[in-house]
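Hi everyone, thanks for coming. Can you all see the screen? Let me put the picture up before I start talking.

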Amino acid sequence: MRKRIQNINLSIRKISEKAAKQDRIVRFDIGQPSFDTPEHVKNAAKKGLENKQGYSPMLGLPKLRKAIIEEENSKNGFGEEGKLLEKEHVMVTTGGMGALYSIFAARLGSEDKAVFNDPCWGPYKMISEVNGNQWSQVKYWDEDRKLTEQAKEEIAEAELVVVNTPGNPTGYTLTREQAKEIGELADQNNTFLVSDEVYHRLTYGREHYSPAEFSCDSAIIGSASKNHAMTGWRIGWIVDKTENIEQYAKVSRASTACPPRISQYAAIEALENDSHVEKMRKTYEKRRDLLVERMEQLNWDFVAPEGAIYAFPEIGEDSWEFCMRMIDEGVAMVPGEPMGPESSQNVRICFGSTTTEEINKAFDIIEENI
Ligand SMILES: Cc1ncc(COP(=O)(O)O)c(C=O)c1O
């Protein structure tokens, strides 16, 4: 077995394994919507069964690629008045995760470095470790929402920079000025920009801006998982120039051949008839408001989530000890420590996976046991 695979540390599994053994527990640790996939989307998959179930085209069903481009062109800075994207710029992948893996494998050799924000979603590091490329982690933004000097240096010397907005684990969402600053910086330094926008439809009182609008050499990662409550269907995508898509497709071809056909029928329906997204977003917003109120009562230090489905408060003690203790009391959260060197006293709370009743119940328990 390869050493670099053996060395991958799945420490966060300790949380889900311990939580699964508890009968009554609020699961803030699971990073997925509490909602099931909308009925009309499931029905589209059932209807899709009437077709022959062979491999789909390697880049995905043309109708889905077209629906994705319409979604991407509806973002600020794209579409008619900005960059106009075409179906040829899209490849459907097996989840956003498959999209990221294809880009890393196609672009980064063992000497090449990817930069991630501190804190960041853990799998960026895991993908790098499987792929065998270098990586570093640095705090991108200061209190005034400007790039830190250290981030500028790291991005300038790296081959690839990942920007995730709205962000996991913090819910931090870039303003237009921030998207422009980091997009232009990547461009000036010939650092390839990967803009992970899998939560782009889930923002609260803010608009989504893509740094890819400001960089000539960039890819956007999208997914049906979170915006459409479709995590198990495994549909994601990459938007990039046609010649780059051709290279990523080779990695996809070598690993999965094509994305699952049946899930693509469902994703077409989800993207074309998408009123469910706003309904879920409004519910998440209510949960976020309650969570913010409850965290304020505890005097925790945090930035109120502006998007996605997570909060990342500083709890004033070691995150592993706190999380392990709270599971015994009936609340599961994810320790911040594996998400970045500056996050050893933070915890990730997912409000996408819990109801307002559960949020209240969990915070009553935390208040009693803190
Ligand atoms: C920031 C971020 N990017 C990408 C993904 C990948 O999502 P999926 O592979 O389910 O499409 C996730 C999932 O949690 C995520 O949080």
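Predicted model: local features only at pLDDT ≥ 70, side-chain atom pairs only at ≥ 80, totals over all residues.

Residue numbers start from 1 along each chain, as its sequence is written.

Okay, domains. The assignment, which is an automatic or database one, gives domain 1 as 3-37 + 276-369 and domain 2 as 53-272. Their centres, taken over C-alpha atoms, are 24 Å apart. Where they touch, 33 residues come from domain 1 and 30 residues from domain 2; contact here means C-beta atoms, placed from the backbone, within 7 Å. On the domain 1 side, the elements giving two or more residues are α1 (3-6), α11 (275-297) and β9 (310-311). Helix α11 has the largest share, with six residues. Those labels are DSSP runs numbered from the N terminus: helices are H or I with at least four residues, strands are E with at least two.

Now look at strand β6, residues 192-196. Is β6 mostly covered or open? Mostly covered: five of its five residues are buried, and buried means 20 or more other C-beta atoms within 10 Å of the residue's own, with C-beta atoms placed from the backbone. Phe 192, Val 194 and Asp 196 point one way, while Leu 193 and Ser 195 point the other. In a regular strand, side chains alternate between the two faces of the sheet.

Who are the neighbours? Strand β5 (residues 160-164) runs parallel to β6, joined by five bridges, and strands count as paired when DSSP finds at least two bridges between them. Asn 164 sits opposite Asp 196. To get from β5 to β6, the chain goes through helix α8 (residues 176-188), and this β-α-β crossover is right-handed: with the strands pointing away from you, the path over the helix runs clockwise. Strand β7 (residues 218-223) is also parallel to β6, with four bridges. There, Ser 218 is the bridge partner of Leu 193.

Last stop, the ligand. Which residues come closest? Gly 95, Gly 96, Met 97, Ser 223 and Ser 225, out of 13 residues surrounding the ligand; the cut-off is a C-beta atom, placed from the backbone, within 6 Å. Helix α5 (residues 95-107) gives the largest share of that shell, three residues.

That's my tour, thanks!

Terms used. Buried ≥ 20, exposed ≤ 12 C-beta atoms within 10 Å, placed from the backbone. Contact = placed C-beta atoms within 7 Å.
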